[in-house]
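Please consult the sequence and structure shown here while reading.

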Amino acid sequence: MVLAAESRIKEEKEDTNVGPPNIPRHPEVLARWDPAKARRPDIAEAPVFYPSLEEFEDTVAYIEKIRPSAEPYGICRIVPPLHWSPPFRLREKSIWEGIKFHTRVQNVELLQNRGPVKKKKKKKPKARKRKRSYPRVVSSSKRRPSSVSSPEEEEVFGFNSGPDFTLEEFEKYARRFKESYFKMKEGNATKWSPSIEEMEGEYWRIVEDAAADDEVEVYYGADLENKVLGSGFERGETSGWNLNNLPRLSGSLLSFERGDISGVLVPWVYVGMCFSTFCWHVEDHHLYSINYNHFGEPKVWYGVPGTHATSLEKAMRKHLPDLFEETPDLLHGLVTQFSPSILKDEGVPVYRAVQRAGEYVLTFPRAYHAGFNSGFNCAEAVNVATVDWLSHGQNAVELLSNENKKTSVSHDKLLLGAAYEAVRSLSSGGGEGAESLAWRCFCEKNMTLTKAVETRLRMEEARIDALGGGFRLVKMEKYFDSNCERECVKCSYDLHLTASGCNKCSPGEYACTKHASELCSCEGNDRFVLLRHTVDELRSLVRALEGEAEHLKTWASMVREDFSEAQEREPRGFDLNLEFQGNDGEFDDTSETRHDEAEDLKTWAKEPRGFDLNLEYQVDGEFDNTSDARHDASMLNFAAYVETINLGFLVFRDLWCNKHAIYPKGFKSRVKFYNVKDPMRMSYYISEVVDVGLMGPFFKVTLEEAHQDESFSAGSAQACWEMVLQKVNEEIKKRRERNIHTLESINGLQMFGFLSPSIIQAIEALDPNHRLVEYWNHKKQGGSLEV
């Protein structure tokens with residue numbers, strides 16, 4: 001203790017030394033915590049998922065698996081298996097102490113309650129003059145706008161540039177701020193630390209209270225590009241949960257984009273301090289985003305489902321009319337926070353997630369999200385796009401076009417890339433391989449990918465028809481947009497699929513088919529429309545995706561020809577090929593690389609979980625931890641009566657059974673178990689099996705009490721009930737003074753009812769011909785049903 005105190009005193013003295021002139025060693029904290037006026041929002045929690053090691057192996061497949069359960073919340077939290085602990089690269093001394101990053105200044109009290117800048121200029125300034133900001137340059141992608149108004153041209157609210165820090169310097173600054181604000185220090189000793197709930201209440205008091213005179217200024221190291229600090233993940237980490245790898249994984253449509261688009265395909269790093277804020281926004285192109293908190297204190301998130309995005313926008317316009325009048329695209333600026341409590345009052349569903357170190361937060365397409373940091377931390381984020389995103393992405397580019405905003409990626413390139421890959425996969429190996437079966441789930445008639453291509457076809461067909469006969473239709477050169485961006489001069493629409501132009505008056509300029517007539521009024525043969533694929537070719541592509549043999553054969557030949565040509569043209573490979581990244585950062589698709597990566601993943605997946613719930617049992621209303629009691633509870637107390645609500649129906653595909661049980665789609669049962677909120681009483685839970693398409697069955701357990709919003713979802717019945725048990729254990733630990741013991745283990749199949757003789761008999765009767773071979777073969781062999 002003495003050594004620790006001496007070390008702290010030494011650090012205090014060092015901090016008083018004069019440092020670089022732009023780094024404030026001691027934060028000026030004028031406001032103080034006011035717990036009596038806390039405004040913590042009363043909102044429900046977003047779902048939390050706990051993937052097994054096996055599930056964790058395939059990142060994109062796991063996202064697809066949890067989507068049906070999680071997307072209605074807009075955001076969710078993913079807690080990796082216990083053995084997932086990737087090294088944090090930025091802790092290296094040369095980076096931690098030697099590399100500086102830029103920050104932004106955030107005045108928290110102005111994030112919601114501020115008037116238009118032009119009106120504020122007329123007011124008499126306060127004694128402490130507020131800094132006023134201008135639009136900031138965001139070099140987030142090669143496609144986003146790079147031109148920014150100067151202060152002389154236009155004055156709008158934004159975040160000023162703050163001091164540059166090293167991570168070591170920022171940690172000290174952030175700690176001092178929090179200690180001062182919450183009065184956490186008494187002499188050299190730390191008295192206590194506020195809870196997340198207390199900080200959340202104080203944060204929203206600052207943001208919402210327009211009458212308060214508090215001025216709370218913080219710094220945020222946000223949107224730090226790879227060239228600043230680099231990634232927090234080690235380069236050699238091959239897992240898909242390394243955010244450098246995720247966007248280009250098989251199954252992510254961003255793998256068809258060749259450019260390294262910063263912030264979309266290349267992760268950004270975020271260094272936060274207490275109250276530093278990320279304001280309400282949706283991702284570019286309404287993409288998925290995934291954020292990993294490498295270390296430090298939690299981030300508090302708020303999410304709104306994508307289905308209610310318009311409702312959020314209407315609510316904010318209603319309550320902040322002056323700001324939207326001055327800046328109609330206010331939400332694109334990421335500088336405006338808004339109370340979840342007000343959103344809830346306006347009928348907008350809002351959910352909370354507290355992301356601790358070592359956890360991921362996933363946001364879904366067009367899901368508005370916002371939040372703040374509870375203290376010093378470092379996170380990293382990137383985008384990903386699964387096939388189900390296509391309809392969201394198409395809607396996003398149309399909205400961007402209407403607002404004349406540049407795109408970040410070419411949506412049509414991703415769409416066609418997915419279609420080409422599906423054709424290539426469906427036509428190879430007889431169409432029965434795992435890859436072919438995976439793509440088939442998105443193809444065929446009225447399926448996700450087929451519908452997306454058909455929608456795009458009809459859109460362009462209608463626009464070309466509307467042009468009349470004043471344009472020549474010309475085949476687009478294959479590499480029209482390979483080496484440069486092609487965007488509509490009128491609305492910035494991407495021109496990968498079609499482009500219009502005029503040889504006479506505007507050579508080299510192009511417009512989309514919506515604005516072709518506005519480009520010029522020339523007549524004759526000078527005006528033209530370039531087509532990457534004719535309307536008939538796109539119709540044929542739709543039929544190929546639907547599985548019509550002749551069309552599939554035609555398109556497979558075209559794709560193979562393009563593949564061969566691309567290989568000759570550029571040795572690095574073709575867009576359709578998903579490549580592996582070697583240790584040198586370059587992409588490699590050699591058989592040795594594929595073998596090494598596959599073996600690494602196999603070895604990693606076989607590592608023991610080391611997961612022990614350390615729970616005990618309750619017998620006859622009293623808690624007991626003797627071995628006999630545990631055995632009796634295991635064999636008797638949890639062989640509880642399971643009531644069948646809906647038997648469901650069988651799905652004759654892989655994953656819908658195993659040697660232990662058959663899992664009917666729509667199966668639903670009811671069972672009594674300890675209440676996760678109050679383990680002193682028993683409550684009913686609903687267990688159900690839902691269909692998540694390609695990923696097979698998904699298991700869900702919900703507490704059957706109207707006033708308690710508790711639901712647990714996982715890829716197995718066992719994992720589901722283990723999550724329930726964990727939550728019960730957390731509550732029991734709070735009651736140690738009552739000598740309450742905890743539960744050691746639980747059988748998920750039993751709790752669902754899949755080990756109940758009457759339920760087994762009823763389910764088996766649904767498969768009289770024994771088509772679910774894995775289950776029946778094991779049963780014929782007299783296999784045990786132990787799990």
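The sections below move from the overall architecture to individual residues.

## Overall architecture

The model is predicted. The protein has 787 residues, of which 51% count as buried. Its secondary structure consists of 23 helices and 30 strands.

Among contacts between residues at least 6 apart in sequence, 75% join residues at least 24 apart. The accessible surface comes to about 36,000 Å², and carbon and sulfur atoms account for 48% of that area.

Side chains of opposite charge can pair when their charged atoms come close. The structure holds 38 salt bridges. In one of them, D42 pairs with K344, with 4.0 Å between the closest N and O atoms. This pair links distant parts of the chain: D42 belongs to the loop between α1 (2–15) and β1 (44–45), whereas K344 belongs to helix α10 (residues 340–345), 302 residues apart. D42 counts as exposed because its relative accessibility is 61%, over the 50% cut-off. K344, with a relative accessible area of 43%, is partly exposed.

A salt bridge also joins E398 to K514, the closest N and O atoms being 3.8 Å apart. E398 lies in helix α11 (residues 390–402) and K514 in the loop between β20 (506–511) and α15 (516–519), so the bridge ties together parts that are 116 residues apart in sequence. E398 is buried, at 14% relative accessible area, while K514 is partly exposed, at 29%.

R458 forms a salt bridge with E454, and their closest N and O atoms are 3.0 Å apart. Both residues lie in helix α14 (residues 448–466); because they are four residues apart there, about one helical turn separates them. R458 counts as exposed, with a relative accessibility of 54%.

Salt bridges that share partners join E398, D412, R456, E460, R463 and K514 into one network. The bridge between E398 and K514 was described above.

## Cysteines

A disulfide is a covalent bond between the sulfur atoms of two cysteines. The count of disulfides in this model is zero. Among the cysteines, C279 is buried, with a relative accessible area of 2%. C720 is likewise buried, with a value of 0%.

## Nonpolar cores

In soluble globular proteins, nonpolar side chains tend to be buried together. The largest nonpolar core of this model has 62 residues. V271, F275 and W280 are the residues with the most contacts inside that core. A second, separate core has 61 residues, including Y62, L415, A422 and L457.

S687 is buried because its relative accessible area is 0%, under the 20% cut-off.

The side chain of S687 makes a polar contact of 3.4 Å with the side chain of W721. When residues up to four places away in sequence are not counted, S687 touches F667, K668, S669, K700, V701, W721, M751 and F752.

Note on methods
Residues are numbered from 1 along each chain as its sequence is written. This is a predicted model: local features need pLDDT of at least 70, side-chain atom pairs count only at pLDDT 80 or more; totals for chains, interfaces and linings use all residues. Side-chain values use heavy atoms; hydrogens and water are left out. A salt bridge is a side-chain nitrogen of Lys or Arg within 4 Å of a carboxyl oxygen of Asp or Glu. Helices (H or I, at least four residues) and strands (E, at least two) are DSSP runs, numbered from the N terminus. Buried means under 20% relative accessible area, exposed over 50%, partly exposed in between (1.4 Å probe, protein chains only). A disulfide is a pair of cysteine sulfur atoms within 2.5 Å. Contact means heavy atoms within 4.5 Å. Accessible areas come from the Shrake-Rupley method with a 1.4 Å probe; for residues, only the protein chains shown count as cover. A nonpolar core is a set of buried Ala, Val, Leu, Ile, Met, Phe, Trp, Tyr and Cys residues joined through side-chain atoms within 4.5 Å. A polar contact is a pair of N or O atoms within 3.5 Å; within protein, one must be able to donate a hydrogen and the other to accept it, and residues adjacent in sequence count only if both atoms are side-chain atoms.
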